[in-house]
Amino acid sequence: MGVFACLGSRASSGVVSSRCYKLVPLVLTVAWAAHACSRLSAAGAEPGGSPPETAEAARREESGAAVDFEATVAGVLVRRCVECHAGSDAEGELDLTTAAGLAAGGASGPVIVPHDVTSSFLLERVAAGEMPPEKNGASQALPAEELAALRGWVAAGAPWPEGRVLDLYEQTNELRAGRDWWSLQPLAEQPPPAGDAANPIDRFLNPRLAEVSLAAAPEADRRTLLRRLSFDLIGLPPSPAEMEAFLADASPDAYERQVDRLLASPHFGERQARHWLDVARFAETNGYERDAEKPGAWRYRDWVVQAFNSDLPFDEFLTDQLAGDEVADRDEASVVATGFLRVGTWDDEPNDDLGYRYERLEDLVHVTSTAFLGLTFKCARCHDHKFDAVLQEDYYRMAAAFWPGPITARDRALMGGPSAEELGYAVLGWTDITTTPEPLRLLASGDPHRPRQEVAAGTFSGVPASFHQFAPPAADANTTGRRRQLAAWIASDDNPLTPRVIVNRLWQHHFGEGLCRDPDNLGFNGPLPTHPALLDWLARDLIRGGWHLKRLHRLMVTSDAYRRASVHPDPAAVHMADPDNHLLSHARRRRLDAESLRDAMLAVSGELDRRLGGESFRQPISSEALEGLSMKGGAYTPSPPEDCLRRSLYMFSKRGLIVPMMTTFDQCDTTMPTGRRDVSIVPTQALTLLNNQWVGERAAAFAASLHEQSPTEAHQAVADDRERLTRAWWRAVGRPPTEPERAASEAYLQLASDSATGEPSVAWQSLCLVLFNTNEFLFID
Amino acid sequence: MQVRNGYPCGLSRREAIWEMGGGFAGVALAGLLQRDGFQRATAAEPVNSFTAKPPHLPTKVTSCIFLLMNGAPSQVDTFDPKPALEKYAGMPLPPEKEFINSGGRAMGLLTPACRPFERCGESGLPISGFFPHLKRHADKLAVIRSCHTDTHAHGSALVQMNTGKPIIGRPSLGSWVVYGLGTENQDMPGYVVMLDKRGGPIGGQPNWSSGFMPAGYQGTLFRPTGNPILDLASPEPLGRAGQRQQLDLLAKLNEEHMRARPGGEELAARAASYELAFRMQAEAPDAVDLSQETAAMRAAYGVDQEPTAEFGRNCLIARRLVERGVRFVQLYSGGGHLEETWDAHESVEKNHGQHAGETDQPIAALLTDLEQRGLLESTLVVWGGEFGRMPFSEGTGKPGRNHNPYGFTMWMAGGGVKGGTAYGATDEFGFAAVDNRVHVHDIHATILHLMGLDHTRLTWFHQGRDERLTDVYGTPVLDIVA
């Protein structure tokens with residue numbers, strides 16, 4: 001054992017790929033994407049030549065073969081063999097991508113004897129189920145018909161069309177995506193279908209419901225709508241006053257005006273920043289042994305908030321984060337944005353300096369490719385990607401953009417970044433520290449001790465229409481300009497991935513699931529989009545609208561689909577036609593994330609400190625929880641209580657000490673980008689909400705506030721118990737209690753006050769705590 | 001044509017998650033789920049199911065107790081005797097032995113073991129004088145003397161010992177085990193970690209993190225007295241009766257809410273989780289209530305005396321947890337830094353004297369106790385640090401030893417382990433593993449194997465890849481398997 005082909009432990013075809021791009025003109029590469037490679041090479045590269053059938057027939061004739069290589073053998077070899085048996089680094093020194101490679105055989109000699117089925121080593125290994133090797137303990141033995149095809153081919157003399165070079169990614173098959181994979185194709189131009197709906201989104205969605213004869217759920221009631229909208233856009237519940245105003249607003253555009261109010265709220269940026277900071281794997285310490293604080297990391301967080309609030313176009317948003325030090329209008333803010341490249345983990349005591357550099361490149365390539373392209377480039381560090389058309393060279397082409405930066409082990413005080421002098425500002429940012437870096441070499445199996453060919457900085461070959469190498473810097477440039485060029489390509493109209501990825505992320509935030517359900521992986525192992533035409537139309541609309549995200553938010557939340565009730569009137573029909581609600585016949589019920597839950601408790605208790613931005617506060621953590629902390633980086637000192645009532649976005653994020661309350665409610669790990677958090681339901685959540693001291697304090701404040709006269713409170717008449725219950729319900733869930741709820745609560749207050757230790761204030765506090773624990777408080781319909 | 005095969009094993013991600021089960025004791029949703037196929041997708045889909053799962057391979061082992069000697073014990077002073085160190089005492093390590101000198105400490109001269117070894121049991125397994133109690137269990141131990149790891153810094157090496165890689169952010173061994181096997185007792189966490197009072201391991205939470213798996217799979221920190229789990233007890237003056245009243249009110253309010261939302265399985269699951277929490281409130285303190293143990297048992301573990309009180313207590317609790325169906329228990333010996341751990345830079349005799357003194361009797365008592373209760377067959381016990389120590393001192397008159405990732409010793413005992421075994425070897429100085437080298441990945445593969453899990457099949461799909469504890473490496477050390 002030791003090495004398992006399934007998970008890829010070796011570089012399989014670096015040389016093949018280099019050949020493709022060095023010897024084959026770009027136009028040919030483009031044609032490959034359309035699966036015309038074999039045709040072109042066989043026909044002597046005459047684009048626009050004979051139609052496929054003719055070429056096919058001609059080649060068959062030329063080769064004089066009795067078997068059709070393309071129809072029967074090529075696919076088997078591509079699917080089953082060339083992942084490992086390709087190029088000069090080929091497994092067993094056997095290259096099965098060319099006729100010459102086949103003829104040359106491998107380390108153990110010839111692999112086929114033409115016309116002799118019984119003496120061909122290749123057939124022997126395959127028939128024995130030894131090739132392809134087993135994967136995760138499961139046999140990968142070929143199906144009988146594929147083995148028969150190989151046998152027939154060898155029996156016919158193993159003909160190989162002249163010039164034909166097999167390419168792992170020439171076509172999508174059941175094992176991996178090819179260059180024809182949907183997310184790599186240009187954005188479709190399809191306009192919204194005709195229909196009655198005013199919102200183009202609904203014109204895309206409604207016909208799909210009609211196809212399965214499923215009626216949409218009616219619009220949700222106003223209370224539900226405003227609660228949903230408010231949590232979605234600003235991450236906070238509506239106040240009773242806001243709720244009452246909306247309920248009382250009879251104007252036809254009452255809802256749209258709520259949308260505009262919330263989009264204009266400074267809290268909008270806070271909410272959207274939370275989503276982005278997950279993707280940016282943002283935390284404020286380095287992790288590892290000392291887990292030291294990254295000074296000024298919070299300024300990057302504030303930059304993100306501000307960017308969303310000011311509706312910074314997304315192309316500029318990404319450009320500043322990748323290359324804010326290189327842009328023409330560079331200023332301190334744009335340099336702060338490059339904190340994106342600094343807020344990941346950083347090892348202050350690397351094991352060896354060489355490995356350290358490549359670990360850092362992996363972090364940067366991974367966060368960049370995941371955040372903006374929705375592809376897992378990091379898989380291609382050691383070998384061509386197992387599932388997507390990402391060559392190992394593509395990984396290094398992107399890595400080369402970061403190579404001139406401060407990625408070597410230097411003075412620990414710099415924390416892996418440039419010095420203030422190098423950067424030009426004393427902030428947490430990124431810049432090149434040389435304009436003449438040594439060439440970056442591809443690493444065989446990702447092993448720093450096995451450098452191979454040099455790789456120049458450039459774009460992604462999987463989008464061939466815009467594939468290019470980056471231009472060298474001008475003689476007087478301060479930086480290489482590689483990141484600026486990378487950002488320019490990522491944001492270019494020719495790259496279909498970026499707009500699809502960000503549109504899908506926004507869709508997920510509003511509808512609970514993306515149109516493509518894995519927002520970080522639009523590749524082979526991610527689910528296919530449920531509505532590809534809608535995704536593409538929205539992506540084009542984003543570009544048409546100047547990459548402004550607010551109008552996209554507005555478009556989404558004003559759709560009929562967004563406004564539907566979460567309970568469908570005909571559950572049996574849903575169960576039959578669309579049990580996973582792919583077609584959005586009704587709204588998805590969602591549990592509040594950790595931050596929204598904490599913020600909601602503060603908002604409801606009346607304690608929420610709405611100050612924007614600035615340094616993070618350190619949430620109090622019980623001494624029991626602190627036992628798990630190594631104190632090498634210094635003791636943890638919570639902030640003064642008055643600073644700990646701010647929104648969760650501003651909670652200091654320390655990699656080695658995740659606040660228990662937050663992680664219990666699935667706050668994500670910050671090592672790698674996270675576009676979609678897990679949502680779990682475990683008893684420790686119940687324990688936290690029932691017994692955690694901090695939560696208890698919020699319940700106490702909530703209870704106390706019910707006993708106060710508030711000039712802004714909608715219900716401030718006589719503060720008797722009945723009135724207090726009404727107030728409590730309005731605050732917590734935006735409505736008055738029902739009679740059964742009222743009866744149960746009154747009985748509880750009585751019971752709790754009567755018990756030995758009970759007194760009214762304790763009983764009220766306890767009741768408020770129960771409200772924090774209700775499903776209605778935690779779930780958004 | 002675009003053909004795709006969905007997730008590994010032909011399952012959707014959601015199905016895959018539900019199918020795998022495991023994790024922290026949680027919502028027993030099986031009934032709910034079976035009633036109506038899988039829970040319908042929502043962003044709020046709960047992602048833990050907790051039924052016990054059958055292993056990949058036949059095994060009697062149902063639990064693992066991992067005794068992590070934080071700070072790194074010295075192999076040549078514990079289980080890897082090196083007569084050559086006597087012979088070459090006072091000489092430098094041969095220059096061809098290359099290594100990274102961690103922390104740039106002074107490099108002293110080759111130094112023999114500070115306490116004598118004794119051949120023990122029928123197997124004659126050599127055990128150092130640091131472990132007088134453990135000696136009687138020699139025939140239960142499989143000592144692996146050829147361990148090696150990738151890094152010489154405590155923080156990253158601890159993370160590697162726990163998660164397979166020296167970078168943070170991956171699920172820990174315990175997470176993989178509960179993911180693979182589920183948990184036997186729904187009222188208890190499936191994966192429990194008990195730290196040393198002096199502090200947590202360097203690196204903190206990532207050492208018991210669930211990484212890219214849901215948070216439900218992470219280790220639960222367990223405190224050795226009172227209410228072992230954070231926020232377990234209802235605050236005064238409420239008490240248990242008051243909490244019951246709260247839960248009754250909550251149930252009524254949730255019922256009202258659910259009545260208007262038929263088919264809301266996530267709502268039902270969350271309501272049910274409160275009853276599980278209520279049971280855990282009784283069950284977990286019971287597990288740490290050592291007043292239920294006899295005086296003789298407490299004495300055997302050294303619970304009521306120093307220096308064994310703390311680790312003895314933890315070992316006894318570990319047995320009680322295993323009895324209650326907890327899948328994976330990790331105990332730390334050593335916490336904080338330097339001499340508070342096994343990090344013997346100053347003096348091996350003094351440091352290991354202290355830490356072995358704290359742990360030897362409790363560990364021996366644990367093995368005896370497990371055996372007498374018939375639990376040793378079903379419980380795998382693992383002992384080791386994050387790396388080893390150098391065969392040379394830190395200078396003249398400085399009898400400490402520096403970090404050594406190139407060779408170190410671990411042992412296993414109990415479930416499925418061939419006792420009285422010494423596997424693999426370091427070179428004549430005890431500097432580097434040379435024969436039958438066992439990387440941390442191989443250790444992990446072996447632990448999983450003994451627990452009935454094939455490390456190549458235990459995968460979690462994350463960001464486009466079937467992730468494994470052992471990445472693309474690892475081979476179980478079958479020679480120590482009975």
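Domain bounds, as I use them today, come from an automatic or database domain assignment. With that in mind, chain B splits into domain 1, residues 13–51 + 230–280, and domain 2, residues 63–225 + 288–480. The C-alpha centres of domain 1 of chain B and domain 2 of chain B are 36 Å apart.

Some housekeeping, friends. This is a predicted model: local features need pLDDT of at least 70, side-chain atom pairs count only at pLDDT 80 or more, and totals for chains, interfaces and linings use all residues. Residues are numbered from 1 along each chain as its sequence is written, while chains are lettered from A and ligands numbered from 1 in the order in which they are written.

Let me stay with chain B for a moment. Chain B has 11 helices and 17 strands; helices (H or I, at least four residues) and strands (E, at least two) are DSSP runs, numbered from the N terminus. Of its 482 residues, 62% count as buried. A residue is buried if 20 or more other C-beta atoms lie within 10 Å of its own, exposed if 12 or fewer, and partly exposed in between, with C-beta atoms placed from the backbone. Among the contacts in chain B with a separation of 6 or more, 76% are between residues 24 or more positions apart. Two residues are in contact if their C-beta atoms, placed from the backbone, lie within 7 Å.

And chain A? Chain A comes to 33 helices and 4 strands, and 55% of its 781 residues count as buried. For contacts in chain A between residues at least 6 apart in sequence, 68% join residues at least 24 apart.

Now, how do the two chains meet? The contact takes 94 residues from chain A and 92 residues from chain B. On the side of chain B that touches chain A, the elements giving two or more residues are helix H4 (154–163), helix H6 (239–259), H7 and strand E17 (465–468) of chain B. H6(B) provides the largest share of that side, 11 residues. By class, the side of chain B that touches chain A has 40 nonpolar, 36 polar and 16 charged residues. Here Ala, Val, Leu, Ile, Met, Phe, Trp, Tyr, Cys and Pro count as nonpolar, Asp, Glu, Lys and Arg as charged, and the others, Gly among them, as polar.

Let's zoom in on one helix pair. The axes of helix H28 (residues 683–691) of chain A and helix H7 (residues 265–287) of chain B come within 8 Å and cross at roughly 80 degrees. Therefore H28(A) is roughly perpendicular to H7(B), a term for angles of 65 to 115 degrees. Axes are lines fitted to C-alpha atoms, for helices over the stretch in contact, and angles run from 0 to 180 degrees between N-to-C directions. H28(A) brings Pro683(A), Gln685(A), Ala686(A) and Leu687(A), and H7(B) brings Ser273(B), Tyr274(B), Leu276(B), Ala277(B) and Met280(B). Those residues divide into 7 nonpolar, 2 polar and no charged.

Finally, some backbone details. The peptide bond from Met131(A) to Pro132(A) is cis, with omega near -10 degrees, and Pro132(A) sits in the loop between helix H7 (121–127) and helix H8 (144–155) of chain A. In chain B, the bond from Glu306(B) to Pro307(B) is cis, with omega near 5 degrees.

Is Leu584(A) buried or exposed? Leu584(A) is buried, with 27 other C-beta atoms within 10 Å, and has a positive phi of about 60 degrees although it is not a glycine. Thanks, everyone!

Terms used. Angles under 35 degrees count as roughly parallel, over 145 as roughly antiparallel, 65 to 115 as roughly perpendicular and the rest as oblique.
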